[in-house]
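Here is a quick briefing on the structure shown below. Have a look at it first, then read through the notes by topic.

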Amino acid sequence: MKILVGISKAPDTTTKISFTDNNTKFNEDKVQFIVNPYDEWYALVRGLELKEKNGGTVTTITVGGTDHDPIIRKALAIGADDAVRINTEAADGYMVARQIADYAKDNGYDLILLGKETIDYNGSMVGGMTAELLDMPYVSVASKLEIEGRTAILERDVQGGIEVVEADLPLVVSCAKGMAEQRIPNMRGIMAARTKPLNVIEPSDAKGLTRVVEYNLPVEKGEVKIVDAENMDELVSLLHNEAKVI
Amino acid sequence: MRTDQYQGHDYYEMDELLTDEHKLIRDAARAWIKKDVSPIIEDYYERSEFPSQVIPGLAEIGAFGPYIPTEYGGAGMDQIAYGLIMQELERCDSGLRSTASVQSSLVMYPIWKYGTEEQKQKFLPKLASGEYIGCFGLTEPDHGSNPGGMITNFKDQGDHYLLNGAKLWISNSPFAQVAVVWAKNEDGRINGLLVERGMEGFTTPEMKGKWSLRASATGELVFDNVKVPKENLLPGRSGLGAPLSCLDSARYGIAWGAIGAALDCYDSALRYSKERNQFGKPIAGFQLQQKKLAEMITEITKAQLLTLRLGQLRNEGRATSAQISMAKRNNVEMALKVAREARQIHGGMGVTNEYPIMRHMMNLESVVTYEGTHDIHLLITGLDITGENAFV
């Protein structure tokens with residue numbers, strides 16, 4: 001089974017967020033980047049588990065410049081067989097999906113696994129668009145994936161329960177919590193990653209369709225006023241006159 | 001103990017001087033510790049028990065002989081990778097680092113450097129995988145800072161050596177499968193012998209009652225007419241220089257490890273100072289607390305740069321024993337001071353097991369004493385710069 005796993009970078013969750021270029025670009029200065037957790041913990045590790053069970057290969061694909069190489073090496077250290085980096089800066093979800101689809105269409109993948117979203121821009125678009133561009137079925141936000149022959153059996157967490165879905169391979173899946181457990185790269189894997197192929201491929205002519213006009217930080221939280229539990233009149237007055245919600 | 005919220009601190013952007021592989025190794029060690037060791041370390045420390053279930057994980061992250069060549073089961077990494085692993089281990093607990101230091105620098109290193117090909121093949125892969133744990137016997141009850149005065153000795157009996165004597169303060173001894181033992185031959189020359197568990201007359205009683213390194217096992221090595229096969233002698237080097245070269249490697253790892261302990265104390269103190277409110281604001285906003293925190297990160301940063309440079313020199317085979325002594329001495333004292341200041345910032349909470357400070361502080365009292373005391377390392381620097389021996 002040939003498995004392709006999307007790997008993207010994301011700022012470490014402790015990053016202090018700021019913007020440059022008139023609030024149109026994320027300020028990457030002094031930011032520690034990690035592998036997007038949904039890509040790493042769920043898509044990649046489930047891909048590796050399926051390979052270990054059924055045989056085959058796991059290739060990672062990343063759209064980005066050389067600054068992505070450290071996170072790609074980590075994915076190789078965790079266990080991917082080889083990596084592809086499409087050498088261009090990601091513009092938007094559509095452009096990334098087109099780059100992945102343009103690469104994948106001639107390479108016969110049985111399964112394309114992606115994280116359900118990146119934890120920075122939270123677009124959640126790439127999976128659906130990649131599937132459409134490749135004319136493959138798509139299951140989003142899956143928390144469980146098993147393969148039987150040429151059929152995938154998936155579970156999705158839905159309101160109040162679990163939805164069980166079946167789809168034929170080849171298939172695109174966006175992966176959510178529950179699909180696998182995090183794997184920490186071991187020393188053997190880190191050593192092996194040195195010599196695994198990281199193939200750099202020039203991009204297709206796909207361009208983004210959207211432009212970021214501006215980023216804004218959330219409004220800072222105001223101070224908390226504590227009202228004595230016995231003083232209902234003051235609470236009502238504050239809600240009415242200051243908060244203007246009643 | 002609370003959830004391990006540790007974050008590294010890199011005030012001078014030293015990460016830019018590391019390779020991507022170094023950072024991957026360090027971050028993997030940190031992630032494994034947070035997942036498998038931090039949740040249990042306080043409990044094992046209090047029970048004064050080594051958590052032996054972490055041995056396979058230590059091997060997985062490459063903590064056992066990362067710089068040993070791959071043909072002997074090592075990872076063939078450089079000295080900085082080794083240092084970073086020691087830093088992360090001691091960030092959790094000095095006892096954890098001690099176990100890995102001994103295995104790497106005091107057991108695998110002498111077998112690699114001074115052993116026969118057969119000895120390397122027999123022991124190194126098993127030590128790298130954690131199947132075997134080793135220990136190192138140099139210190140004796142009456143010979144600590146003066147190891148050359150040792151009385152443990154062996155006599156050539158034709159087809160074997162007969163070993164007699166005792167070693168004390170030996171990390172890992174109670175469960176080690178193999179001990180690298182330094183003993184004098186009939187000419188008074190110090191040699192290394194590989195003594196294996198099960199050899200008749202060889203016992204390893206555990207020492208109890210330590211208020212330090214409680215999550216690491218310490219014991220004795222007792223040799224009562226132990227017959228050691230002749231092929232268990234390390235032939236590559238004899239004299240006191242042989243064990244001291246192992247100590248160079250271990251002390252280098254301690255220099256990194258102490259930074260780890262200091263970083264953990266600083267990290268905890270910094271977080272606590274921002275969360276703890278007194279007089280209507282976080283205590284981080286008070287000058288006396290800021291003085292403590294600012295001095296801590298200054299001293300940590302100086303130690304980080306000193307130690308990284310030492311790692312570069314070791315990679316080039318140019319680091320002197322005296323340079324290693326300076327780093328070990330400086331960094332351990334620095335870590336002790338940081339621990340004590342961090343304890344004050346935590347107020348009363350600092351003496352509880354909710355925070356790691358007192359455990360680090362107690363551990364570091366061993367670290368400042370073992371592998372060359374604080375005073376002995378000063379005399380090594382003194383000898384190096386003046387040419388005058390002040391030891392005797």
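Searching the whole structure, a predicted model, turns up 18 aromatic pairs over all chains. Rings of Phe, Tyr and Trp (its six-membered ring) pair if their centres lie within 6.5 Å; planes under 30 degrees apart count as stacked, over 60 as edge-to-face and the rest as tilted.

**Aromatic rings**
- Take A:Tyr38 and A:Tyr42: their ring centres are 5.9 Å apart and the planes sit at 40 degrees, so this pair is tilted.
- Both A:Tyr38 and A:Tyr42 belong to helix α1 (residues 37-54) of chain A, 4 residues apart, which is about one turn of the helix. Helices here are DSSP runs (H or I, at least four residues), numbered from the N terminus.

**Where chain B meets chain A**
- Chain B brings 22 residues to the contact and chain A brings 15 residues, with contact meaning heavy atoms within 4.5 Å.
- Together the two chains bury about 1,400 Å², 64% of it on carbon and sulfur atoms. Buried area is the accessible area (1.4 Å probe) that two parts lose on being put together, summed over both.
- B:Glu21, B:Leu24 and B:Glu60 supply 32% of what chain B buries against chain A, more than any other three residues.
- The rule finds 2 salt bridges across this interface (a side-chain nitrogen of Lys or Arg within 4 Å of a carboxyl oxygen of Asp or Glu).
- B:Glu21 shows up again here, in a salt bridge with A:Arg194 whose closest N and O atoms are 2.7 Å apart.
- Helix α1 (residues 20-47) of chain B gives the largest share of the side of chain B that touches chain A, namely 8 residues.
- That side of chain B splits into 10 nonpolar, 6 polar and 6 charged residues. Ala, Val, Leu, Ile, Met, Phe, Trp, Tyr, Cys and Pro count as nonpolar, Asp, Glu, Lys and Arg as charged, and the others, Gly among them, as polar.

**Domains of chain B**
- Chain B is assigned domain 1 (14-129), domain 2 (134-234) and domain 3 (241-386), with bounds from an automatic or database domain assignment.
- The C-alpha centres of domain 2 and domain 3 of chain B lie 30 Å apart, and their contact takes 9 residues from domain 2 and 10 residues from domain 3.
- Between domain 2 and domain 3 of chain B, about 810 Å² is buried, with 74% from carbon and sulfur atoms.
- The salt bridge count between domain 2 and domain 3 of chain B is 0.

**Reading the numbers**
- Residues are numbered from 1 along each chain as its sequence is written, while chains are lettered from A and ligands numbered from 1 in the order in which they are written.
- Local features need pLDDT of at least 70, side-chain atom pairs count only at pLDDT 80 or more, and totals for chains, interfaces and linings use all residues, while side-chain values use heavy atoms, with hydrogens and water left out.

Methods. Helices (H or I, at least four residues) and strands (E, at least two) are DSSP runs, numbered from the N terminus.
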